[in-house]
Amino acid sequence: MKKIFSVFLLMTYAMFFAQEEKPMYWQEIQEFKKQDKENPPPKNSILLIGSSSFTKWTDVNEYFLGKNIINRGFGGSRLTDLNFYAEDLLSPYQPKQIIIYCGENDFADNSKLEADVVVDRFKSFYKKIRKKFPTIEVDFISIKYSPSRAHLWPQMREANKQIAKFMWREKNAEFIDITRIMADKNGAVRKELFVEDMLHMTPEGYRLWTIVMTPFMK
């Protein structure tokens, strides 16, 4: 009996440590793989990749009627996570366009992080995309100015500025600026576009994003 119990205990410990060793967002990526297996993703779709602003946009297809959209926003991901899971996020698909929203959480993880670091992280992911998809449209949605992260806005503005400059020099690439439409006539961020946490958006916030994004959609 003691031997059986010891074996059971060892198996329990092994399962526990195996789970502990899995990298952040591993489970979310496995869920994407499961979804793709059950419902093979259509070719020539628009692939959304990024953090929780996409993750929580669960009804995104209802905002862009007539478009085939694959939403692969996951958790509170950072550009470091996009780079880490690049193979899983890109290889299963044959999109005609990729739209990225990420970078906000990179700054949130480290308030002293300089804009250049985040820009380099984005460029690394962009290069991974271009290696696999040399000619498709690749767009970056500007980092939004969430009221709960006002102390990070200076770095975010600088990152937006640098990424915009980079994208303007690239072929088949666009910088989609959603900051203006989310501001009032005085240039202040409209807090009513955010839910209680002052980080994630209301349906109205997404509706405004749709207005800005639609002209760029293939």
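1. The chain exposes about 12,200 Å², of which carbon and sulfur atoms supply 55%. The model is a predicted one, and every value in this note should be read with that in mind.

2. As for the overall fold, the secondary structure comes to 10 helices and five strands, and the C-alpha atoms fill a box of roughly 75 × 40 × 30 Å along the principal axes. Of the 218 residues in the chain, 46% are buried. When contacts between residues at least 6 apart in sequence are considered, 72% of them join residues at least 24 apart.

3. Turning to charge, the chain carries 33 positive and 28 negative side chains, and the centres of these two sets lie 4 Å apart.

4. Helix H9, which covers residues 153–169, has 17 residues and reaches 24 Å from its first C-alpha to its last, close to the 24 Å expected at 1.5 Å a residue. Its buried residues are Trp153, Gln155, Met156, Ala159, Asn160, Ile163, Ala164, Phe166 and Met167. Seen down the axis of H9, these buried residues fall within an arc of 165°, and they therefore line one face of the helix.

Terms used: Residues numbered from 1 in each chain as written. Predicted model: local features only at pLDDT ≥ 70, side-chain atom pairs only at ≥ 80, totals over all residues. Heavy atoms only, no water. Helix = DSSP H or I, 4+ residues; strand = E, 2+ residues; numbered from the N terminus. Buried < 20%, exposed > 50% of the residue type's maximum accessible area, 1.4 Å probe, protein only. Contact = heavy atoms within 4.5 Å. Areas by Shrake-Rupley, 256 points an atom, 1.4 Å probe, with all protein chains shown as cover. Lys, Arg positive; Asp, Glu negative; His and termini not counted. Charge placed at Lys NZ, Arg CZ, Asp CG, Glu CD. Expected span 1.5 Å × (residues − 1). Arc of directions from axis to C-beta.
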